[in-house]
Amino acid sequence: MELCRYPNAENVRTFHIRAIQIPIVYNRYGDYDPNGMLYVLEEDAEKIQKEARKKFEMDIPQPYKEVRPLVIRANRWIR
């Protein structure tokens, strides 16, 4: 279906996004980036920071499942 014929073209969705700095653990062996940056939804930011830091402080840092790329797909409407 062509985008210009999409039935809900007038629907507007708004998301509030925050950039946070946390150590990002890549695998179960504890490889990590101490200065990782992550875009997260505003409502999830505190929970992700808390849980990711808790997993990072383990004897062998472990990844937190919520630390993953945030994909934003958007179309720009020109009228």
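At 56% relative accessibility, tyrosine 39 counts as exposed, because the cut-off for that class is over 50%. This residue belongs to strand β2 of a predicted model. The chain comprises 1 helix and 2 strands, arranged along the sequence in the pattern β-β-α.

**Surface patch**

- Tyrosine 39 is one of the members of a nonpolar surface patch, together with Phe15, Ile17, Leu70 and Ile72.

**Isoleucine 17**

- The C-alpha atoms of isoleucine 17 and glutamate 43 lie 8.5 Å apart, while the two residues are separated by 26 residues in sequence.

**Nonpolar core**

- In soluble globular proteins, nonpolar side chains tend to be buried together.
- The largest nonpolar core in this model consists of 10 residues: Ile20, Ile22, Ile24, Leu38, Val40, Ala45, Ile48, Ala52, Tyr64 and Val67.
- At least two residues of this core come from each of β1, β2 and α1.
- Isoleucine 48, a core member, contacts Ile20, Ile22, Leu38, Val40, Tyr64, Glu66 and Val67 when neighbours within four places in sequence are set aside.
- Of the 79 residues in the chain, 20% are buried.

**Aromatic pair**

- The whole structure contains 1 aromatic pair.
- This pair is formed by tyrosine 32 and phenylalanine 56 in an edge-to-face arrangement, with 4.8 Å between the centres and 75 degrees between the planes.
- The pair links distant parts of the chain, 24 residues apart: tyrosine 32 lies in strand β2 (residues 32-41) and phenylalanine 56 in helix α1 (residues 45-56).
- Tyrosine 32 has 40% relative accessibility and therefore counts as partly exposed.
- Phenylalanine 56, at 22% relative accessibility, also counts as partly exposed, because buried would require a value under 20%.

- Among contacts in the chain with a separation of 6 or more, 50% are between residues 24 or more positions apart.

Notes:
Residues numbered from 1 in each chain as written. Predicted model: local features only at pLDDT ≥ 70, side-chain atom pairs only at ≥ 80, totals over all residues. Heavy atoms only, no water. Phe/Tyr/Trp six-rings, centres within 6.5 Å; stacked < 30°, edge-to-face > 60°. Helix = DSSP H or I, 4+ residues; strand = E, 2+ residues; numbered from the N terminus. Buried < 20%, exposed > 50% of the residue type's maximum accessible area, 1.4 Å probe, protein only. Patch = residues over 30% accessible without salt bridge, like charges linked within 9 Å, V, L, I, M, F, W, Y side chains within 5 Å. Areas by Shrake-Rupley, 256 points an atom, 1.4 Å probe, with all protein chains shown as cover. Salt bridge = Lys/Arg side-chain N within 4 Å of Asp/Glu carboxyl O. Core = buried A, V, L, I, M, F, W, Y, C linked by side-chain atoms within 4.5 Å. Contact = heavy atoms within 4.5 Å.
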